[in-house]
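Here are some notes for a first look at this model. Please keep the structure open while you read them.

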Amino acid sequence: MNSKYVLRIALRHIIRPQNRFLFSVLMIGISIFCVGYYRLFLNDYEIVKRECNAVLTSGMAGTGLMRMLDYDKKEALQLKKEAMASGKIKGIGTWVFGGKIWEVDLAKIQHTFPDVFPDGGGIYRDDIVMSCFIDRTALEICNLQFSRQVDIPEEKWKNPDWQGIYLGAEFKNIPLGTVYVETSKGGHQKEYEVIGFLEKGQHILADEVKTLGEGNGSQSIVCLDGLVMIVMEPGVTDGNKDTAWIFNVSEGVGLDEARSFLEKRAKELNLSVDFASLQDGFVLQKIYNRDVEMVDRELYRTLLIVCLIVNLCIIIMRIISNKQIMGIYIAFGMTKTDVIRVWLFQIMAEFVAGTGCAWLVLKWYCNRQYSNAGAYNQSIFRWLNGYALPEMLALSTILFFLSAVIPILIIQNSKPSELLLDNRG
Amino acid sequence: MIKLVDATKKYNSQSNEILALNHTSMTIQAGEMVAVMGTSGCGKSTLLNILGGMDRLTSGHYYFEDEDIASFGPHKLHLFRKNHIGFVFQNFALLNRQTVYENLEIPLLARNQRHYKKRIMDCLEQLGLAERAKSLPLNLSGGQQQRCAIGRALMTGCSLLLCDEPTGALDSKTTKEIMDLFCKLNMEGKTIIIATHDDEVAKCCKRIVRMEDGVLQQ
Ligand SMILES: Nc1ncnc2c1ncn2[C@@H]1O[C@H](COP(=O)(O)OP(=O)(O)OP(=O)(O)O)[C@@H](O)[C@H]1O
Ligand SMILES: [Mg+2]
């Protein structure tokens with residue numbers, strides 16, 4: 001029988017409401033959705049770990065974090081110098097998440113977002129553009145890439161009334177070299193110059209990494225596409241905030257060694273500091289999550305097995321209740337192969353539709369749930385495409401093959417008269 | 001045309017063996033219209049299944065136009081069914097989720113035929129089912145369902161029509177109509193074998209073969 005006719009008959013099986021095609025699609029869809037959905041929880045921890053490693057030049061094992069409470073003391077600068085001189089530490093950078101932009105002129109940047117308008121009171125919606133203070137060393141440790149950049153002579157960096165800013169990829173309409181002026185109450189003016197643009201889709205460790213283990217590890221990476229980065233000179237701090245120091249160790253030096261050196265010197269210099277290593281943070285997070293994770297994994301496994309069994313049972317029941325139809329097809333001139341092809345087309349359609357629906361629903365759900373979650377949104381979708389989709393596809397393929405093989409065996413091993421016989425039951 | 005020699009069909013159900021056909025022989029010429037009569041369970045359906053190539057003999061020979069069908073493999077058996085056989089099954093065995101038209105379409109699709117619409121409609125016209133072409137079989141009366149089943153068997157272009165209790169569920173008036181149809185088909189040259197336990201039906205046939213416990217008595 002030619003394929004066109006096989007398809008035509010398969011289509012008949014699909015579109016007639018009595019054939020429970022929709023029911024099968026629903027069952028397959030629900031199963032695959034559940035498995036994908038549970039993956040969502042299971043993957044949280046692993047995503048963050050992977051991504052943290054990806055955004056650092058020397059990976060998590062070689063990068064430490066330190067919170068400098070006495071940022072305004074000159075000893076803080078001295079500690080930095082000493083650490084570098086010791087040879088144990090390759091670089092120390094500073095970065096602070098500044099939250100919304102408060103510099104009045106700079107806040108005009110928000111106009112460049114097409115869908116952001118000042119509300120009635122002339123106040124800009126303030127949670128849209130986030131700023132981040134970062135020094136050049138931290139930029140390097142965090143492995144940031146630029147799409148466009150101007151060279152700034154060293155003396156310009158030294159000028160306290162000038163500050164360079166890097167813009168995320170979403171601000172690409174602003175010309176390079178644009179200058180924003182901030183006038184303080186006393187009439188003092190400070191310039192912010194756009195000196196470069198970040199490559200699209202990049203991430204940086206968020207401030208919260210400092211407190212990893214307490215909070216949600218998943219929030220630890222921030223996408224830079226909509227972010228304004230104000231570049232600080234090393235050592236210059238804002239004065240309003242705790243400062244996070246990020247450092248990477250020299251080759252052959254362990255993180256612990258570098259850390260105990262810093263700790264010791266800080267004590268001697270009478271500086272108040274807190275340490276966090278990303279590793280520790282993740283270990284803590286892992287312990288914290290272990291029980292949850294175990295339950296999740298157990299659930300996931302159970303779900304997977306239940307999903308397999310339920311779908312197989314349904315498919316097998318369907319093939320058994322359809323034996324008569326197959327017997328009729330054979331009696332009227334089809335081969336067993338034709339009948340098997342009709343069956344394969346039919347369940348293939350079910351699996352494609354079921355998996356497609358599961359995927360769309362999961363995507364819709366994530367869109368709805370996480371569209372305001374900034375960085376998390378980004379990583380969720382990367383996870384969705386990178387892990388959930390392949391896994392759902394793999395599962396649906398395995399299910400498809402099982403659902404195909406068992407009926408094929410049933411058909412192959414039955415005599416035509418037996419197939420027909422089932423109509424009397 | 002048909003020659004059964006020492007045909008035996010054994011079923012192994014649970015512990016006991018059932019001899020549905022018991023070392024029996026028979027000959028049917030092309031163009032005959034034969035009624036196979038016998039009590040329920042004597043092996044009529046089994047006989048038709050064997051003759052139609054839906055099942056195989058346990059032992060013995062079945063010659064169809066001098067070819068020994070009993071020795072055929074699955075593919076040759078499929079070709080034999082496809083080229084020669086039309087079935088009208090006990091209980092109609094229609095595809096209840098497909099329309100009358102689509103039921104008739106199945107044999108044609110299986111044979112990769114094209115431009116068959118007129119052929120189906122002509123046949124339905126002849127069977128008085130033209131108006132019900134788009135109905136599902138479940139919405140038809142018993143007689144209409146039977147005519148649909150016959151129409152489907154005719155679409156195969158078969159030379160041998162095997163009918164299992166074609167009037168089992170019908171009243172005498174409808175039975176008469178169906179039998180007239182068979183007679184007409186027989187006149188047109190088809191060989192027809194009808195399994196039945198209805199004397200009225202048997203009377204319409206040119207020849208009656210009685211069957212008892214798997215044995216045919218000519
Ligand atoms: N697939 C099977 N497995 C086991 N036994 C079977 C099978 N098919 C038929 N039989 C047995 O073979 C015998 C003949 O059955 P068959 O269906 O041929 O009878 P029949 O003459 O068509 O009866 P009816 O008039 O009721 O249709 C019966 O005893 C039946 O129980
Ligand atoms: Mg019978």
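1. Start with ligand 1. It is surrounded by 14 residues, where a residue counts if one of its heavy atoms lies within 4 Å of the molecule. The closest are Ser40(B), Gly41(B), Lys44(B), Ser45(B) and Thr46(B). Ligand 1 lies between chains A and B.

2. A word on the basis. This is a predicted model: local features need pLDDT of at least 70, side-chain atom pairs count only at pLDDT 80 or more, and totals for chains, interfaces and linings use all residues. Residues are numbered from 1 along each chain as its sequence is written, chains are lettered from A and ligands numbered from 1 in the order in which they are written, and side-chain values use heavy atoms, without hydrogens and water.

3. Which atoms of chain B reach oxygen atoms of ligand 1? A polar side-chain atom of Ser45(B) lies 2.6 Å from one. For Thr46(B), a side-chain N or O atom is also 2.6 Å from an oxygen atom of the ligand. Cys42(B) uses its backbone: an N or O atom there lies 3.3 Å from a ligand oxygen.

4. Now the two chains. In contact (heavy atoms within 4.5 Å) are 32 residues of chain B and 29 residues of chain A. Together the chains bury about 2,700 Å², 54% of it on carbon and sulfur atoms. Buried area is the accessible area (1.4 Å probe) that two parts lose on being put together, summed over both. In chain B, Met54(B), Arg97(B) and Leu109(B) lose the most area to chain A, together 26% of what that side buries.

5. How many salt bridges link chain B and chain A? There are four, each a side-chain nitrogen of Lys or Arg within 4 Å of a carboxyl oxygen of Asp or Glu. Arg12(A) forms one with Glu105(B), and their closest N and O atoms are 2.2 Å apart.

6. Which helices of chain B build its side of the interface? α1 (44-51), α2 (74-84), α3 (100-110) and α5 (142-155) each supply at least two residues. Helices here are DSSP runs (H or I, at least four residues), numbered from the N terminus. The largest share, six residues, comes from α3(B).

7. Last, Ser141(B). It sits in the loop between α4 (117-127) and α5 of chain B.

Note on methods: Polar contact = N/O pair within 3.5 Å; in protein donor to acceptor, adjacent residues only side chain to side chain.
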